[in-house]
Every structure is written in C-alpha cells, then in structure tokens.
Amino acid sequence: MFQGKIKADFIKTIIDATAILVDEAKFKLMLDGVYGRTVDPAHVGMIDFKLKKEAFEEYENKEESEIGIDLEKLKGILKIAGAEDIVEMNYQKEEGRLIVTVRNITRKISLLDTSEMHDTKIPSLDLPAEIVVATEQIHQAIRAAEAISDHITLIADKDKFEMVSEGDTDVVEMQIPKEQLYSLKCEEKVKSMFPLDYLSDMIKIARGASDEITINLGNNYPVRLSFETAGGYIKIVYLLAPRIESE
Amino acid sequence: MFQGKIKADFIKTIIDATAILVDEAKFKLMLDGVYGRTVDPAHVGMIDFKLKKEAFEEYENKEESEIGIDLEKLKGILKIAGAEDIVEMNYQKEEGRLIVTVRNITRKISLLDTSEMHDTKIPSLDLPAEIVVATEQIHQAIRAAEAISDHITLIADKDKFEMVSEGDTDVVEMQIPKEQLYSLKCEEKVKSMFPLDYLSDMIKIARGASDEITINLGNNYPVRLSFETAGGYIKIVYLLAPRIESE
Amino acid sequence: MFQGKIKADFIKTIIDATAILVDEAKFKLMLDGVYGRTVDPAHVGMIDFKLKKEAFEEYENKEESEIGIDLEKLKGILKIAGAEDIVEMNYQKEEGRLIVTVRNITRKISLLDTSEMHDTKIPSLDLPAEIVVATEQIHQAIRAAEAISDHITLIADKDKFEMVSEGDTDVVEMQIPKEQLYSLKCEEKVKSMFPLDYLSDMIKIARGASDEITINLGNNYPVRLSFETAGGYIKIVYLLAPRIESE
C-alpha cells in the first residue's frame, strides 16, 4: 500500500517533465520516494527524476512497487487542482488502480501493465564541461533560435558559454561571458549540436521549476541538463543526444 | 414602445444563458420585466428565465409584446460593452427593429418573425430531492468528469450529494457530505444520469452568475437547476432531460 | 555604418505598423532618423512613417542608405524583447546584414535586394475635413461594425463625426458630437466609404501607440489617418483608398 499527499505543483512538474518525452511511463514507488527513468521512442531524449519522500506532505510506503501510468490521465485530474491544493494518491497492488483525490473529487485511474515496459539504463557519460546558468537566458536564446532553425549548437570554453543557431540565411547567437554565469568549469573548448524541439521542451520544464540549470557538455556528445525544485527534494536530469553536424 | 437601460453584465448573462441552447429565441416584453422560455432543438435542455424590471436602471413598457431575436446579433453589440457600461434597448412595434445602444454606438437589429416560434411549456415535475451547493464545486467535478466520459450521474441521499462519471477504464467521483452543502432535503436516495455537455454549459452560466445553485433531483427524471443574480431580480431555471442508463 | 539603440516598444510599433500592409519593406537610414513609405500589393493602403533619431537612446549614422527587410525576421527577434529592453541595431553596407541585439542574443538578418523595390510616392490630397478623436472610440465602432459588414462609411459635418456600417438587415452607427471630439474642422459635409479590414488593422496600430488620432476626410476620397508616439518622435501616417458606394 502506497499513500502520499503532495502539493499539486510538485507532482505536476514531474508529470509534465516526463510527458514531453512519452505518453506512458513506469514510476517506481520506493521506500524513500518516487523514481522514474524514461527514454522517448526515438531514443533522443531521456529523463531521470527523483521525487524524494521529503517533497511530500505525507508519505507512506511499506513495499517497493512499479506502476505504469497513462500520463494524460494523471494530467486530467491534476488540471482541476489549484497551485495551493494538496493531491492525495493511493495505490493498492491488488486493486491495480491509482486513486487520486483533489479536494472532494476522486479519480480512479486504471494502470498499465509494466511487464512490457523495459527499464531505462542511464549511459555513463564523461562530459568535461559544466556550466551553471540562468534558465531564463537559455529560454530566450532558444526562442530566438526557433525562428530560424531546428537545431542549435552549444559551445563552451574557459571564458564563456555560447549558443549558436544557423538558418539558411540568418544566424542567431547568444554569448554569456564567465562572469555572467553562475559557474563555468571548462578546461578546453567543447561543442555539440542538438535538436531544438527537444531542447526547447526540456528548458520550458526547467524554467517552470528552477531559476538555474546545470549543463554538462562534451564534444559531439549528449548533453546533460539537471535542475532541482521543492527545496532540492525533486531532482530532474535530462539527457539529450547530439545531432551530427554535416560539414 | 419598450425602452430599457441595464448593466451590460445582466443582459449578457441572459443572452449567454439562452444561447447555450438555441441560436434564436423569443423574448416576452412584459409590464414587469422580460421573460423567456426556450427548449433546444433536440428537446434535451430547457431554459426559463425572468429578468425583472427592477434589474434595469430604467424600464418603460406600455404594452406587452413578443420579439424574436437572433442571439448572435445581440452578442455582437454586447461584446463592445465593458462590465460597467449601461446598455440601452429600444423597441417600437411598427419599426420591427430592436435598437441597442452602448456608449455612442447604436446597432439596429432586425427582428425575427415570432409567428412560427412556438411557446415552450414547462413540464410539471415532482422532484423529491433538493440540494443547494457551491457552483464552483459542481464545476470542478464536471471538469474532472469530462476527461473520461460524456455523461454523469447525480445521486443524493439523506447524508450526501454525489456526482459519479464512469469511463471505459476510469471512474471520477465527487462526494459532498451534508455538512458541506448549503442545504440538503432528501428523504430517500435518488439517482439520475445526464449528458455532460449540456450540464457543463449550464453550470458555466450558473458559475458566472451565482456562487450557489439549487438542484432538484429525482429518479431517472429530469433535473432542475436554478440560480439567481442581480440581487434576485434575475432568475434562471434550467431543466435537463435524463439519459437512460443501460444496464 | 549605421548603429542605433532604441526601446523595444518603439521599434515594434514601426515594424507592426508596416507589417499590416506588406511582408517586406524598404527602410531609409537617414542622418536624422529612419524613414519608410510602403504601399500594399493591392494599392489600397499606404504607410508613411518617420522614426526620428531622437526616439533612439543612441543614434549614429554617417551615410544615408536603404535596407530591404523581411519584417517577419525582425518581428522574430523582437518577440524575445520585454517592454523595457533596449534593442541594438547595426548595419554595415559591405556585410549586407542587419545585426540586431537584445540582451545577450544577436540575430544576423540577411537583407533583401532593394534595387527591385520601387519608391512609394505619396499622392497629394486635398482633404477638407479634419477630425481629432479618441482612438478607443474608433476602435469600438469598428468592432461593432465588423459583426455585420465589410465596409464602413465615415461622415463629418460642422457639428459631428459619424461612422455608419450597413449589413444585409442590420445597421451599426456611431455619432460623436463636436463637443466630444478633441477637435473638428469641417465646413461642409463630407462622406467616404472604406474597407473595414484595412481600417481595423490601422486603428489597432494607432490604438497601441496613441490615445488620439487625426482623421483627414473628403468626399469619396482616400482618408488620411495620422498619429504620433514616443513623445512625437515617431510619426505614422496611413492613407486608405475609398470604396465606391454602389447606389
């Protein structure tokens, strides 16, 4: 038997963060919180989140289990919750349903069979550069880039972080010098190109959750985007595969 | 000659309340106010409103008459009125037009022939249960139900009021115990099922007009929804036919 | 070499004001400001604007030149600018690109060949009536007229200004007596009919820029709409061709 009470905003963040990649996801109800790892069908983007039990108002779980969720269903009932509402979730293995309550309203959500849902493995990556930057700045650069292209190149060296997007005729660039970043660790120049649509979705989620985001970057390598919310009790990590630059 | 001045919000409420059922309606300009009764073409929903002359800033009417109105036209001119604007309406039988003035702007609306528009008769209903409840609560339950189904069952007994909607796999329920209702009169359990789309439209109108709504309910019988606004000088009653539950 | 820094709102007004008529426009970078004159492809509407150098925070221009701009591109980068942001623009003839910077983000916009873009000549018009009126009032009358027709007639005489629109069955009228106008110069009655869609677009731009608008009107003649913003340092004039009234 799992039972949790949590602020609507917190659980919405997790559901929305996962829903940009997949429609259905497997969540692990652990003794110390709820975990999820999912890769999108095209194997381009991946999420790895930890929703620690301390993010909940109340958290009770005697036995670890996995549940398969149609994310649209959970979004449906969360839509009626205001920012200050507490969402109550109950799961009993034998019933095979997640019962979600917001105020006087209860939705009994039938769950998906998790036996067909593979575990997602997080690749081990050696990403030499780490940039901590204002989420809002990344968001602005992405908006400007979306007007001209469908990909964007992230570049870091020891002095600055850059985002460059090239269209057929126009170029959009953002340069942030080291002193305007929260932090920059980068020994030698690294550069990778990414699909804008995935990056844009990920940054929108990050922006709703945290003022800053940590970017780990390599050369023609996946990027790791990580941020926290709920006083650090929610941790979300995205991995995004690079696009190979045609020369 | 009919002449009336009324707050834009009040007349908008009446027009919107009728427009969820029909495009054209017959209104009766009476000595003591404006009345309207209309049933939708499918004979599922019905409205019966009274807009008493006391709801008007000024009201002058020497002779009772009926006018047929294309509601879109009236909505068109009301769209330019702000919440605090006063709308002036003039009707002279011999001209056959309703003249509506908002600030400096006048729209002369040609009227419809009422000779083909039948009078709507209100069926006499014996509805044993009466529930007075916060409109907002009903609205929330309907929003949650809309995600899974196209119908909803209203249930009352002596202790509580319930709304239950069943989809193919999921269930949405709202239970309000007697102590959370404004009032509950119900000797024995009653239960009827209704189409969600009509109920949703009606509750949206009620929600814009009043914090509370009175629900009269029976067993597999139409429901009566009634509410007031403008200090009680506007009374709106909806009747909604039940759906027969397949067993 | 041209270089200017300007409040985002000011440059947005100019771009939006031109974009209601054309997708591409030629702007003249003059020693004392930026000028533009453009007619729409159907030769119904025309804009003539002056963006004086005093509207800029900084303005540097050594040599007059013309640039051809795809307005969507400029709108794209301006979209990321907040109301208080300063937009920086740089143009070097030899590079053939306009470089626009908002905060840390730069867009290099390739320019259009102006050799094919004809100069627009402003017809000299003798318009006997001049009305200065609240932009909001015109906007309201247009909104009401749009519900019933696709054209509107502007009428002035020595006592009042009128806008009249006739649909198949209904009529919308606005009358503003002289005392409710900012000013009215009109010796004898004038009257011209105009396409509502163009007029509506022009008035929306005027409304965003200025509380009042000057209307110069004749008999079955183009109308001249003019307004200022940025403390008078931005002047926009629209000309709109009349529609011939069928009798």
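## Aromatic cluster and pairs

Phe2(A), Phe56(A) and Tyr59(A) form a single aromatic cluster. Rings of Phe, Tyr and Trp (its six-membered ring) pair if their centres lie within 6.5 Å; planes under 30 degrees apart are stacked, over 60 edge-to-face, and the rest tilted. The model is predicted: local features need pLDDT of at least 70, side-chain atom pairs count only at pLDDT 80 or more, and totals for chains, interfaces and linings use all residues. Residues are numbered from 1 along each chain as its sequence is written, chains are lettered from A and ligands numbered from 1 in the order in which they are written, and side-chain values use heavy atoms, with hydrogens and water left out.

Over all chains, the whole structure holds 12 aromatic pairs. One of them is Phe227(B) with Tyr238(B): the ring centres are 6.3 Å apart and the planes stand at 45°, so this pair is tilted. It links distant parts of the chain, with Phe227(B) in strand E17 (residues 223–229) of chain B and Tyr238(B) in strand E18 (residues 234–240) of chain B, 11 residues apart. Strands (E, at least two residues) are DSSP runs, numbered from the N terminus. Both Phe227(B) and Tyr238(B) are buried. Buried means under 20% relative accessible area, exposed over 50%, and partly exposed in between (1.4 Å probe, protein chains only).

Phe27(C) and Phe49(C) make an edge-to-face pair, because their planes stand at 85° with the centres 5.2 Å apart. Phe27(C) lies in strand E2 (residues 24–30) of chain C and Phe49(C) in strand E4 (residues 45–52) of chain C, so the pair ties together parts 22 residues apart in sequence. Phe27(C) is buried, at 4% relative accessible area. Phe49(C) is buried too, at 1%.

## Charges over rings

A charge sits over a ring if NZ of Lys or CZ of Arg is within 6 Å of the ring centre and within 35 degrees of the ring normal. In chain B, the charged end of Lys50(B) sits over the ring of Tyr35(B), 5.5 Å from its centre. In chain C, Lys50(C) lies over the face of Tyr35(C), at 5.5 Å from the ring centre.

## A buried threonine

Thr153(C) belongs to strand E11 (residues 151–156) of chain C. Its relative accessibility is 8%, so Thr153(C) counts as buried. Neighbours within four places in sequence aside, Thr153(C) is in contact (heavy atoms within 4.5 Å) with Glu162(C), Met163(C), Val164(C), Lys191(C), Ser192(C) and Met193(C).

## Domains of chain A

Chain A splits into domain 1 (2–116) and domain 2 (129–240). These bounds come from an automatic or database domain assignment. The C-alpha centres of the two domains lie 28 Å apart. Across the boundary, 21 residues of domain 1 are in contact with 16 residues of domain 2.

Together the two domains of chain A bury about 1500 Å², 71% of it on carbon and sulfur atoms. Buried area is the accessible area (1.4 Å probe) that two parts lose on being put together, summed over both. Ile20(A), Val44(A) and Met46(A) supply 31% of what domain 1 buries against domain 2, more than any other three residues.

## Chain interface and symmetry

Between chains, 17 residues of chain A are in contact with 13 residues of chain C. The area buried between chain A and chain C is about 1200 Å², and carbon and sulfur atoms give 44% of it. On the chain A side, Gln140(A), Asp170(A) and Glu173(A) lose the most area to chain C, together 37% of what that side buries.

Chain A can be laid on chain B by a turn of 120° and a shift of 0.0 Å along the axis, with an RMSD of 0.0 Å. That is the relation of a three-fold axis. Copies are superposed by least squares on the C-alpha atoms of residues with pLDDT of at least 70 in both.

Conventions: Helix = DSSP H or I, 4+ residues; strand = E, 2+ residues; numbered from the N terminus.
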